[in-house]
Amino acid sequence: MTNITPRNNGEIEMSDENVAPTEETQAPTEETPQTNSNVVDSSDKLRERFRLTGDEEILKHMKPSVFAFVPMYLLALLVLGAHWMFEIDWEGDGSTIATLMQALITFGKIGNFGFVFVMLGITWVNRMFNGATSGKWTTGFLLIVTFTPMVLSLDNILVYLGVIETDFIPIDEFYYLTFGIFWFVLFIAFTVFYQRSFHYAITNHRVIFTQHLFIPGDGRRILFDNINEIRTQRTFLGALLGYNTIICDTGSQLGIGEDSMAVSVGSAAPETPATESTGAVGILKKMFAFVTYQRTRKVDLPDPKFSLYSINKWKETEQLLNEMHQRHSQSGILSELKDQIASE
């Protein structure tokens, strides 16, 4: 049906209401915004945390699994167990372990040198193991735990050596179990706080690694076209507990550790006869070098700061990373251009 509409200037306008719309009118224009079904919560808080750009959207964000730092919790239990062993009364038991523990307790009664000897052994083995618990702050924490009874007994040692006449530290007896519980709780709290400081995100442009400790920290941002390889590193514990670590390799060697038979921390250049330390200072320097001795070799050593460390639902994350990596690669871009040209 044709409508005749008069215009103001007297001309007549004819329009046909039954004319079917053309394909050109049905198709959406290129300027029509398309919603991304993969986009997750992009609230202002998350955008500020990850410092997203204007058109950047979060496709997935995650944190390390609650089981990511299980070795740290086991180390805390080991420290508690070491204190508890010195709290037990081993007298009357003729077993080999009881005889050994009684000798350690009796050895160096003043200064608790038996306990210091055991904790030095734990610290050294943990450092040599070169695993997730062999970091510098963990070693430092273990050294503090090791020498605490000696420091608290310093006045008694000085009295025993005749340097002073009366002690000045009010703690005359070291309560192993009390200090063991204190160090255990403190170590667990530090570990949980450290674990919760990491936050990762995959956006439509890049992969983001952030760490927020006492103040908002910085992180690493990797564009998809800068990624050379996406690989996973699954441990036996991760297979049991359902988490995995995903490494985005950019060729920068970040996250690649060294592990070989060599002194990596605590050693120094050979001393000349003129500067060679003697006495207590020399013994302490040698002891520190021995405790901080660590193997070094070329291995994958994932760092929570530079990898998707021990995350749950890792297969979904790996699939998303592979898809985004392919889409932003040269072959992916050429494929999209080819499809656009063919559609036109």
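## Salt bridges in the model

A salt bridge is a side-chain nitrogen of Lys or Arg within 4 Å of a carboxyl oxygen of Asp or Glu. Searching the whole structure turns up five of them.

This is a predicted model: local features need pLDDT of at least 70, side-chain atom pairs count only at pLDDT 80 or more, and totals for chains, interfaces and linings use all residues. Residues are numbered from 1 along each chain as its sequence is written, and side-chain values use heavy atoms, with hydrogens and water left out.

## Glu56 and Arg206

Glu56 sits in the loop between helix H2 (44-50) and strand E3 (58-62), while Arg206 belongs to strand E5 (residues 206-211), so the pair ties together parts 150 residues apart in sequence. Helices (H or I, at least four residues) and strands (E, at least two) are DSSP runs, numbered from the N terminus.

Are Glu56 and Arg206 buried or exposed? Both are buried. Buried means under 20% relative accessible area, exposed over 50%, and partly exposed in between (1.4 Å probe, protein chains only).

## Lys60 and Glu316

The side chains of Lys60 and Glu316 also form a salt bridge, at 3.9 Å from N to O. Lys60 is in strand E3 and Glu316 in helix H11 (residues 314-328), so this pair links distant parts of the chain, 256 residues apart. Lys60 is buried, at 19% relative accessible area.

## A network around Arg231

Arg231 pairs with Glu229 in a salt bridge of 3.5 Å, N to O. Salt bridges with shared partners join Glu229, Arg231 and Asp249 into one network. Arg231 is buried at 17% relative accessibility, whereas Glu229 is partly exposed at 38%.
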